[in-house]
Every structure is written in structure tokens, then in C-alpha cells.
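Have a look at the sequence and the fold, then read on.

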Amino acid sequence: SPDGKSVVFVTWNDTLTGSICKLALDGKAKPVVLSAKKGMYRTPSFSPDGKWLVYTRDGSDNTMGNTYTVKPGIYYMPATGGKEEFVTDKGEYPRFSADGQRIFYQTGGNLFGALDKSFASCNLQGHDDRVLFKSKYGNQFTVSPDGNWVAFVHLHSVYISRFPQTGKPINLGDDITEIPVKKVSKDAGINLHWSADSRSLHYT
């Protein structure tokens with residue numbers, strides 16, 4: 001959570017299926033189930049004010065089956081649990097924008113998937129789609145909490161760039177000339193995560 005006092009995570013049980021849970025980090029309470037429906041949940045993330053969660057519900061596949069997989073896509077709900085709202089069936093790895101009014105998402109997969117990937121956003125109703133970045137070898141696009149920077153992985157190396165507001169898609173990579181890009185990893189990196197004050201980037 002933005003205040004560092006709790007963490008949200010997904011669970012899976014072959015009998016109970018999946019859920020989204022929240023755990024206070026003071027060690028005094030047990031996890032609380034936030035999701036009201038059974039399903040396959042992925043990548044929950046807080047809004048900047050900590051009041052909302054955005055996440056994906058998976059569709060059916062050969063491994064997990066097809067039970068409780070109607071209408072997969074991106075959803076959001078109160079961070080205390082409650083009614084979920086469907087946003088869009090496009091993309092995955094959703095995150096709120098700095099003002100909480102839009103949702104970023106990636107298409108084409110993360111580490112694997114399609115060769116060509118894109119990073120886009122839409123409003124909370126799933127409309128006004130805007131493609132921000134396109135990349136042949138880039139993925140894991142991660143916008144800083146203040147909305148000024150974007151980190152990404154390109155051919156396994158980690159890069160940081162200013163988050164441009166050009167109104168048109170930018171082909172993002174290590175050889176881009178439109179905006180400055182800096183390599184920050186010595187070798188390789190995954191699991192990008194910004195600090196709350198947007199001053200440092202962490203990865204494994």
C-alpha cells in the first residue's frame with residue numbers, strides 16, 4: 001500500500017479457487033479476503049491514495065480449467081473489499097496513473113508472449129484508449145508514482161526514461177532518439193518497482 005502499512009496478494013486453492021487478500025504488516029491480524037467472487041486473480045495494485053485496487057481476472061486455460069472464468073479482463077474495487085467494476089478486456093499488469101483517473105496496462109505479454117508489445121491507458125470506464133509506447137523487445141513498462149518517469153526492460157537490461165506526454169505512441173527501446181534513455185542495470189533485471197517518492201528504482 002502507498003502508506004507501507006499493508007500488502008495485497010492473490011491466493012489459489014484447487015478447491016476454493018482464487019481470491020485477493022489484504023494483510024496488515026503490523027503482525028497483529030490475519031489476512032482478510034477482499035474479493036467477493038471466486039476466480040483466478042492476478043497482479044493487484046493500489047491506487048496512489050490507497051483507496052482502490054486494480055487487478056486482472058484470468059480466463060480459462062489448460063492448466064487452471066474454465067471454472068469461474070466468465071468475463072476476464074481488468075477490474076477495480078475498493079481497497080477494503082466490495083463491488084468490483086469491470087474496466088476492459090484488453091491488456092494485463094494494470095496500474096493506476098498518478099492522479100488515479102486512468103489505468104495503465106500492457107499488451108503482448110510480459111517476459112514472453114508476442115514479440116511486439118505496447119503500453120497503453122484508458123479511463124476507469126474502459127474508454128478513451130491511448131497507446132503510449134510500442135516496443136519490439138521492450139516489456140515491464142513501469143511508471144513512477146509521480147508520473148514523471150518510466151522504467152522498462154529491453155533485451156533483459158533495465159532502462160529509465162522521462163515519461164513523455166506527446167499525444168502519440170513512441171517506439172521505446174535502447175536506440176530511441178526522441179527522448180533521453182539511460183541504462184541503469186549492469187547486466188539484467190526483472191520485477192521493476194519504484195520507491196514511493198519516485199527517487200529510486202528497485203529490481204531483481
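A nonpolar core is a set of buried Ala, Val, Leu, Ile, Met, Phe, Trp, Tyr and Cys residues joined through side-chain atoms within 4.5 Å. Buried means under 20% relative accessible area, exposed over 50% and partly exposed in between, with a 1.4 Å probe and protein chains only. This is a predicted model, in which local features need pLDDT of at least 70 and side-chain atom pairs count only at pLDDT 80 or more, while totals for chains, interfaces and linings use all residues. Residues are numbered from 1 along each chain as its sequence is written, and side-chain values use heavy atoms, with hydrogens and water left out.

**The core**

The largest nonpolar core has 14 residues, and Phe-119, Phe-133, Phe-141, Phe-163 and Leu-172 have the most contacts inside it. At least two residues of this core come from each of the strands S11, S12 and S13. Strands (E, at least two residues) and helices (H or I, at least four) are DSSP runs, numbered from the N terminus.

| Strand | Residues |
|---|---|
| S11 | 130-135 |
| S12 | 138-143 |
| S13 | 149-154 |

Contact means heavy atoms within 4.5 Å. Not counting residues up to four places away in sequence, Phe-163 touches Phe-104, Leu-132, Phe-133, Val-143, Gly-147, Asn-148, Trp-149 and Val-150.

**A buried serine**

Ser-161 lies in strand S14 (residues 157-162). Its relative accessibility is 1%, so Ser-161 counts as buried. Leaving aside neighbours within four places in sequence, Ser-161 is in contact with Asn-148, Trp-149, Val-150, Ile-179, Pro-180 and Val-181. A polar atom of the Ser-161 side chain lies 3.1 Å from the backbone oxygen of Pro-180.

**An open sheet**

Strands of a sheet pair through backbone hydrogen bonds, either parallel or antiparallel. Here, four strands form an open sheet in the order S4-S5-S6-S7, with antiparallel pairing; two strands pair if DSSP finds at least two bridges between them. Strand S4 (41-46) and strand S7 (85-88) each have a single partner strand, so one side of each is left without a neighbour in the sheet. Strand S5 (residues 52-57) and strand S6 (residues 73-78) pair over six bridges, and Tyr-55 stands opposite Tyr-75 in S6.

**The whole protein**

The protein has 18 strands and zero helices. Buried residues make up 43% of its 204 residues. Of the contacts with a separation of 6 or more, 36% are between residues 24 or more positions apart. The C-alpha trace spans about 50 × 40 × 35 Å along its principal axes.

Notes. Polar contact = N/O pair within 3.5 Å; in protein donor to acceptor, adjacent residues only side chain to side chain.
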